Protein chains: 4
Amino acid sequence: MKFSFKNDYSEGCHPLILQALSTYNLDQQAGYGEDAYSLQAKEYIKEKINNAYADIYFVSGGTQANLIVISSILKPYQCVISASTGHILNNETGAIEATGHKILSIETADGKLRASDIIPVLEGHRNIPHQVMPKMVYISNSTELGTIYTAKELKELSDFCKENNLYLFMDGARMGHGLTSEISDLTLEQVAALTDVFYLGGTKNGALIGEAIIINNQSLQEDFAFNIKQKGALLAKGRLLGIQFLVLMKDDLYFDLARHANRQAMKIKNALKERGVHFLSDTYTNQIFPVISNELIERLSEKFEFYVWKKMDEDFSAIRLITSWNTSDEAINNFIEIINDQLPAIQ
Amino acid sequence: MKFSFKNDYSEGCHPLILQALSTYNLDQQAGYGEDAYSLQAKEYIKEKINNAYADIYFVSGGTQANLIVISSILKPYQCVISASTGHILNNETGAIEATGHKILSIETADGKLRASDIIPVLEGHRNIPHQVMPKMVYISNSTELGTIYTAKELKELSDFCKENNLYLFMDGARMGHGLTSEISDLTLEQVAALTDVFYLGGTKNGALIGEAIIINNQSLQEDFAFNIKQKGALLAKGRLLGIQFLVLMKDDLYFDLARHANRQAMKIKNALKERGVHFLSDTYTNQIFPVISNELIERLSEKFEFYVWKKMDEDFSAIRLITSWNTSDEAINNFIEIINDQLPAIQ
Amino acid sequence: MKFSFKNDYSEGCHPLILQALSTYNLDQQAGYGEDAYSLQAKEYIKEKINNAYADIYFVSGGTQANLIVISSILKPYQCVISASTGHILNNETGAIEATGHKILSIETADGKLRASDIIPVLEGHRNIPHQVMPKMVYISNSTELGTIYTAKELKELSDFCKENNLYLFMDGARMGHGLTSEISDLTLEQVAALTDVFYLGGTKNGALIGEAIIINNQSLQEDFAFNIKQKGALLAKGRLLGIQFLVLMKDDLYFDLARHANRQAMKIKNALKERGVHFLSDTYTNQIFPVISNELIERLSEKFEFYVWKKMDEDFSAIRLITSWNTSDEAINNFIEIINDQLPAIQ
Amino acid sequence: MKFSFKNDYSEGCHPLILQALSTYNLDQQAGYGEDAYSLQAKEYIKEKINNAYADIYFVSGGTQANLIVISSILKPYQCVISASTGHILNNETGAIEATGHKILSIETADGKLRASDIIPVLEGHRNIPHQVMPKMVYISNSTELGTIYTAKELKELSDFCKENNLYLFMDGARMGHGLTSEISDLTLEQVAALTDVFYLGGTKNGALIGEAIIINNQSLQEDFAFNIKQKGALLAKGRLLGIQFLVLMKDDLYFDLARHANRQAMKIKNALKERGVHFLSDTYTNQIFPVISNELIERLSEKFEFYVWKKMDEDFSAIRLITSWNTSDEAINNFIEIINDQLPAIQ
């Protein structure tokens, strides 16, 4: 069996989660997220983000979180702005448009949005009422390219959004990886202070399923639960989500798991760099995009699974490697061994 | 702590499910329902329904299943017909309408639809193109009132739908309870043969989450997966659903659990009948609606939780009791003890 | 050629409208409702409703007006309440649901809603967040049954809505007929003061097309034009609508035309009453529903077109007769002549 | 009063239309497009396109036509491809997305789509079911940039669409101008043979309002009328649309009007070319985009209204001039006079 670096959701969940599910299994609890575990998990999150007034909901997955948040906030004629690499644009089967809203796409080099990217879009949408009204900015951290926002960048973007009457929504499917990156200077508390809404992704960081939507802007909190239910996201056994986030949030397991994933990716990154390999983008999270020869790709493919991301020329392609909370040292070492075996050391 | 008869999703899941989740936890598997467990679970279901050509998808919950099925099949101007007690009408926050489709409601005594109920609705919708076009019939088995369809009733309804160019969709959130009712003569194979689409509910029958949508009508199968993804229902770790249905379908655990729930409900029902209590509807599944005095309600409420369903007069109300795969003999006996203690034996 | 009493939109438009279209035809004007005629027509309306702060938009038809108003005001999980005879419920091909919103239907005897009708609906929708949230009341004046609201009734309903945080929206497709009914004590100014939104129907009262949406509640005015455009209702040559309302509003032509239609209907009504005929509902507008024998229906059908509305028994049916701004005395007299010829005078 | 070259819908309608509206005004006719004029107008169109089996509907405007056609044909997960200049993309307030469908945008030099433009989009959407499914190609003729398709180009695109299972939909808001361009070799009959659906725009070519949707592909015709009604586009007095198309189609008035508009634009174009002026795109319809100095723009603005389309550098900008069925020789001559006065003759 080949080891897979295709994504960070190949395995089940962290064993502590299974253990908690077992421990609490036969307790009778209220349904629909009113169980004691969900309530406790929300308290943990409020503490971590230092916002007692946040409104928190657990849902099953990222696409679900995105479509509920966006469709609940925008009026019918309003739209959301996203980097062209944004998950909502190309990887969600038109889920946002299916709720009636256009996504305006912005090309970027690194998957991150800045005020200077957004200004021309706003200026290009002044022909009232013949065009949609931009009202929300969607960003991801870490991004779909593995890059991250610095505290300064997020602050500037947040300020810009406030000045321009735009909501700022951060997709945190890989929030753990973003915040625990060795080069990140951003904290979860800052994320909460600088965004109107964001979510903490569990699925890609050790949970079976689950994303925690956190609504910081109190003007967006009213009646939000109706949206969860209407979109089919309100689990009867909400305890399944509550228990998972209870385990992840307690003692910062969530961040430890992400840090592990990042660290394993960095080991491969460094091994490749030592052999002179270049990367499609310079990332410090659990996604790396090395550009290697077709020959090396072939050799690695004998023992590992991964995506060939982008053909660079006849001989070289960028591949995407993703590590997870469960990626073992053994897998990393085996991978590096092939690299070192195949690529000459730099003099 | 009071014992709850409020619903059949108060507990976690059957222990065999947790055990399987643990056993398979660290295996790497493909995402999005392409894992080995999901594929095997689908094979089991195909065998049980005796239809190798069925198309099967696992999703998280009933509202999600309903909205995906209905919105994927109907054209924008088509609508679905439901009994007024139908879950889609009053208990899903307008989830169906949110996808653009009207639900036509029919009052019934027992929550079941018959051709004679539907004919007037069809006749009342002939003013083309000024009215929506009825195109689907939605039924539940067991129904929201705990009643069930006989094989003959379902056959007649199915024939009627075919003659009238209507799709027949069965909500099976409590399919296990319906089919294992002591008075049911309907088989799962018949359900599959007589409906265009139905689903098997896991959430209310021992799973953590999960409903298995089964598309029998091959003309409705094309591209169905897109709908799952677009509505945010495609879990990255589809294994969570696959493993659960694998356990439930193997050795008919699914039906054993439902049979247990029904049996426990019937114990209470019989105890009440022996004491002369009447019922709002005559059910043989895990939902019963006895009409009892406010005084008895008060006494029972000291030790049990349940819904007061409908006020009958100043002194009496119908309550709803729901049993589950996990309802213990102890809880049943305690309940019956109070009844026997409070209600005089009939001479 | 038979004369038609089937509806009030069988003819073209009042000649003064055609004359104005000709007079202004070759003037160049701004598009999209910014033409001088539209602006002037809006001023006329603001004067008549005595509200300088109303926001006014002209659209092509009633279904369009209904779907734009309702979808622009409600949040995704909110719904609208309507009498079961409401045009939005059965005569608009699910247009409201197609924008994502459920309509809650209330059975009434006369097509009118009162607080006592609405209270049980509100009480039946308290299971948050599992049910849609009622947020708007939709009424028509005159109603689809030809009945009208008194000033007192509308005031009470308006007060009730305010107390219960519900918007009140009046469909005025036949507002002219409602307000000029001989028994009406309601004024247009009162309608504007007591509703959040209403519209003045032109199509059924002498215009070629056109309804004037009037938004009285200033909190609902922001950005409304976007909704008009998004739903395809913003005419490039908005002048077509502006000129028509200019003509209709000037010198109260709008009300004169409606009064004529009502008067012609009353002539037939009185002739029938004198011969002892009963009516399905007691109306004083341009719609009447006499219950007559099949034999008489046959005789009348030789010279007139009308709808047979409802079969009462083997021998009698209610028919619907609608008069218009253009119904001639000759047509009325011919109709009455047959009645008097066929029905014996009462002793 | 300045003369406006801002658009082709500044005036009312061709006098023959007003005359016909007057002639037929008091005839009683069936509503909702079943009037004699609409039926006759459809016959005329069927003859002109040489397709007795086409299905034809008249609606009020272009955005309405676009949203009805697209939403009626696509399944929820399917999307439409458009040139980035397409009217549906930037000028309809998200009308298409509001019906649930994504638009994929393609950058082009001239506003026209070719197979080579579309292939990469199809190839970029193979990640089933995580991406929307491209299912329709939307084009305009003449385009939003005034350019046109040759018969060969349309044939190639049509063949490509058939091979790739894509529907081809042509927006014909300016179809008259496209087909009567001096360089066009495309006929209306060819358009009908090569597209699945198209529409003939009346609003921008001498009608008060009105676009004729023509469904050539018989598999798309079933129940189409429901969509018209549901989107609020079914006029009670459909005669208004029918009479207009009756006049426009009889004796080819439609094409004569467009030819006049084109001819007037070409007069200005040629005058500018003679003085050495360049154009943003080389058009032969009623839209021209000359690049002129700010000084000349200022001089022209004293007597004419037009849009400054695009700033080229500090001193020069492209302006957009649109002529109409009603643009007089006098206006053209006055405009040319200023040009000749301001720009030196080329030696």
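**The domain interface**

Analyst: In chain A, 19 residues of domain 1 are in contact with 32 residues of domain 2. Contact means heavy atoms within 4.5 Å. This is a predicted model: local features need pLDDT of at least 70, side-chain atom pairs count only at pLDDT 80 or more, and totals for chains, interfaces and linings use all residues. Residues are numbered from 1 along each chain as its sequence is written, chains are lettered from A in the order in which they are written, and side-chain values use heavy atoms, with hydrogens and water left out.

Domain 1 of chain A takes in 3–8 + 254–342, and domain 2 of chain A covers 15–253. These bounds come from an automatic or database domain assignment. The C-alpha centres of the two domains lie 28 Å apart.

Now the area. About 2,100 Å² is buried between the domains, and carbon and sulfur atoms give 57% of it. Tyr254(A), Phe255(A) and Tyr284(A) lose the most area on the domain 1 side, together 38% of what that side buries. Buried area is the accessible area (1.4 Å probe) that two parts lose on being put together, summed over both.

Next, the charged link. The rule finds one salt bridge across the interface. A salt bridge is a side-chain nitrogen of Lys or Arg within 4 Å of a carboxyl oxygen of Asp or Glu. Asp8(A) and Arg174(A) form a salt bridge through their side chains, at 2.7 Å, N to O.
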